[in-house]
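Biologist: I'd like to learn how to read a model like this one. Could you walk me through it, feature by feature?

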Amino acid sequence: FVIGEAGITTALHEVGCVAQLRRVEPYEDGRFDLVTTGADRFRLTGLDTDGPYLVGEVEWLPDDMGPEQEAPLLDIAVRAALLDYLAALGRASGEQVELPELPASSLVLGYLVAATMLLDLHDRQALLAATDGTARLRAELSVLRREGTLLRVLRAAPSPELARGPISPN
């Protein structure tokens, strides 16, 4: 879910993941910077709104590759498309984009690609909700090609954080 101004829930999605806390940086004014990593995926099956916090009932989702015969070809294509996307992103932003070390596992590759790309919430959510690793790689290949083309044609780096705030006519 997404919490907007005044702590009001502005979006609630059917599929989510556990957030593992990696780093906490407190500020003197009581705020914190948090770094988290997504872990086990779940489907929201119910929601209790009676208490001070939303409490979800969840069904844990399997984390498997899916149809194995398609995965190797998608793995190769996604790796190539990721390199193309990152090169185009570097040219558009005018900055060197460092490629993280790519994992051998196709399943882990799918999660790394989703985490690496500059995407809006809708695209990120669609990748998280993919039924299995093969479906995720297939969707990522499409998104990588789309975003790579946009970067080459528009020569402007995406700014997904613009979609996080309210839209102003100014």
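Biologist: Where in the protein is confidence lowest, and where is it highest?

Modeller: The score to look at is pLDDT, the predictor's confidence in each residue, from 0 to 100. Here confidence is lowest in strand β1 (residues 2-3), at a mean of 50, and highest in helix α4 (residues 133-154), at 95. For the protein, the mean pLDDT is 87, and 86% of its residues reach 70 or more. Some ground rules: this is a predicted model, where local features need pLDDT of at least 70 and side-chain atom pairs count only at pLDDT 80 or more, while totals for chains, interfaces and linings use all residues. Residues are numbered from 1 along each chain as its sequence is written, and side-chain values use heavy atoms, with hydrogens and water left out.

Biologist: How many helices and strands does the protein have?

Modeller: Helices (H or I, at least four residues) and strands (E, at least two) are DSSP runs, numbered from the N terminus. This protein has four helices and five strands, and along the sequence they follow the pattern β-β-β-β-β-α-α-α-α.

Biologist: In what order do the strands of the open sheet come?

Modeller: Two strands pair if DSSP finds at least two bridges between them. In this case three strands make an open sheet, in the order β3-β4-β5, with antiparallel pairing. β3 (15-26) and β5 (55-60) stand at the edges with a single partner strand each, so one side of each has no neighbour in the sheet.

Biologist: How many bridges join β3 and β4?

Modeller: β3 pairs with strand β4 (residues 32-48) over 10 bridges, in the antiparallel sense.

Biologist: On to the helices. Which residues of helix α2 are buried?

Modeller: Buried means under 20% relative accessible area, exposed over 50%, and partly exposed in between (1.4 Å probe, protein chains only). In α2 (residues 106-116), the buried ones are S106, L107, L109, G110, V113 and A114. They cover an arc of only 160° around the axis, which puts them on the same side of α2; that arc is taken from the directions from the helix axis to the C-beta atoms.

Biologist: What do the buried residues of α2 pack against?

Modeller: Contact means heavy atoms within 4.5 Å. The buried residues of α2 pack against α1 (71-93), α3 (121-128) and α4. In α3, D123, Q125, L127 and L128 are buried, and their cover includes β3, β4, α2 and α4.

Biologist: Is S106 buried or exposed?

Modeller: S106 is buried, at a relative accessible area of 17%. Not counting residues up to four places away in sequence, S106 touches M65, A71, D75 and L137. With D75, the side chain of S106 makes a polar contact of 2.6 Å. A polar contact is a pair of N or O atoms within 3.5 Å; within protein, one must be able to donate a hydrogen and the other to accept it, and residues adjacent in sequence count only if both atoms are side-chain atoms.

Biologist: Which residue caps the N-terminal end of α2?

Modeller: That's S105, with a side-chain oxygen 3.2 Å from the backbone nitrogen of L107.
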